[in-house]
Amino acid sequence: MTSHTLREMRWWDIGPVLELEHELFPEDAWSAGMFWSELAHARGPQATRRYIVAEDGTGRLVGYAGLAAAGDLADVQTIAAARDQWGTGLGARLLTDLLRAATAFECAEVLLEVRVDNTRAQKLYERFGFEPIGFRRGYYQPGNVDALVMRLTDPAQARTESSESNG
């Protein structure tokens with residue numbers, strides 16, 4: 001099992017995050033400004049965001065994830081793992097952290113959008129109890145790819161990776 005360290009995303013992570021973002025999502029990558037805007041809401045007593053990064057044993061940034069909360073609804077904004085980390089459980093660890101944050105924000109449900117052609121991610125979300133509730137046509141631009149909208153009710157009771165295994 002590959003060892004990963006998760007920690008809060010900070011402004012100095014935006015450069016390495018953007019490199020991974022462009023590698024994984026070349027057509028619809030977020031801009032630096034989008035990450036800056038999200039991080040502006042991630043600290044202090046009024047925080048409504050949770051953004052984390054994952055580093056491997058050498059300190060290389062190998063993943064990141066973010067969640068936004070509004071009232072009793074949370075939205076998984078982004079979740080990404082470097083290709084060489086696929087199958088290591090990193091995605092599950094990132095999602096587990098976001099669901100803990102949703103619970104801390106006292107959210108009753110969590111929504112996310114996932115590309116209809118990203119079956120690997122869909123399987124991960126289903127394992128955590130997310131259910132498909134609809135589609136957003138042409139959500140991912142410029143490729144005009146549809147998004148599957150998935151919802152998890154009661155994130156505090158989610159089947160997180162820690163409840164399935166100790167790794």
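The residues lining the largest pocket of this predicted model divide into 19 nonpolar, nine polar and 10 charged. Here Ala, Val, Leu, Ile, Met, Phe, Trp, Tyr, Cys and Pro count as nonpolar, Asp, Glu, Lys and Arg as charged, and the others, Gly among them, as polar. The lining holds 38 residues, and Phe25, Ile79, Asn118, Ala121 and Tyr125 lie nearest the pocket centre. A pocket is an open set of points on a 1 Å grid over the protein atoms alone, where a 1.4 Å probe fits, with protein on both sides within 12 Å along at least five of seven lines; lining residues have an atom within 4 Å of a point. The volume of the largest pocket is about 1100 Å³. That volume is the space filled by probe spheres set on the points, which are joined across faces, edges and corners.

Strand β4 gives the largest share of this lining, seven residues. At least two residues each come from α1 (14-24), β4 (73-81), α3 (90-104), β5 (109-115), α4 (119-127) and β6 (131-140). Helices (H or I, at least four residues) and strands (E, at least two) are DSSP runs, numbered from the N terminus. Residues are numbered from 1 along each chain as its sequence is written. Local features need pLDDT of at least 70, side-chain atom pairs count only at pLDDT 80 or more, and totals for chains, interfaces and linings use all residues, while side-chain values use heavy atoms, with hydrogens and water left out.

An unreviewed UniProt entry annotates residues 4-155 as "domain: N-acetyltransferase". UniProt positions are given in the numbering used here, feature names are shortened, and annotations may be inferred rather than shown by experiment. The span 4-155 is 28% helix and 37% strand, and its end C-alpha atoms lie 23 Å apart.

Seven strands form an open sheet with mixed pairing, in the order β1-β2-β3-β4-β5-β7-β6. At the edges are β1 (5-8) and β6, each pairing on one side only. From one strand to the next, the twist averages 25°. Strands pair if DSSP finds at least two bridges between them. Axes are lines fitted to C-alpha atoms, for helices over the stretch in contact, and angles run from 0 to 180 degrees between N-to-C directions.

Strands β3 (residues 61-70) and β4 run antiparallel and are joined by eight bridges. Gly66 has Thr78 of β4 as its bridge partner. Helix α2 (residues 32-39) packs on the sheet and touches β2 (49-55), β3 and β4; the helix direction makes about 120° with that of β2. Helix α4 also packs on the sheet, touching β4, β5 and β7 (145-153), and its direction makes about 165° with that of β5. Contact means heavy atoms within 4.5 Å.

Strands β6 and β7 pair in the antiparallel sense over six bridges. Most residues other than glycine have a negative phi, and most peptide bonds are trans. In the loop between β6 and β7 lies Pro142. The peptide bond from Gln141 to Pro142 is cis, with omega near 5°. Asn144 lies in the loop between β6 and β7, and its phi is positive, near 55°. Asp154, not a glycine, has a positive phi of about 55°. Asp154 is found in the loop between β7 and α5 (161-164).
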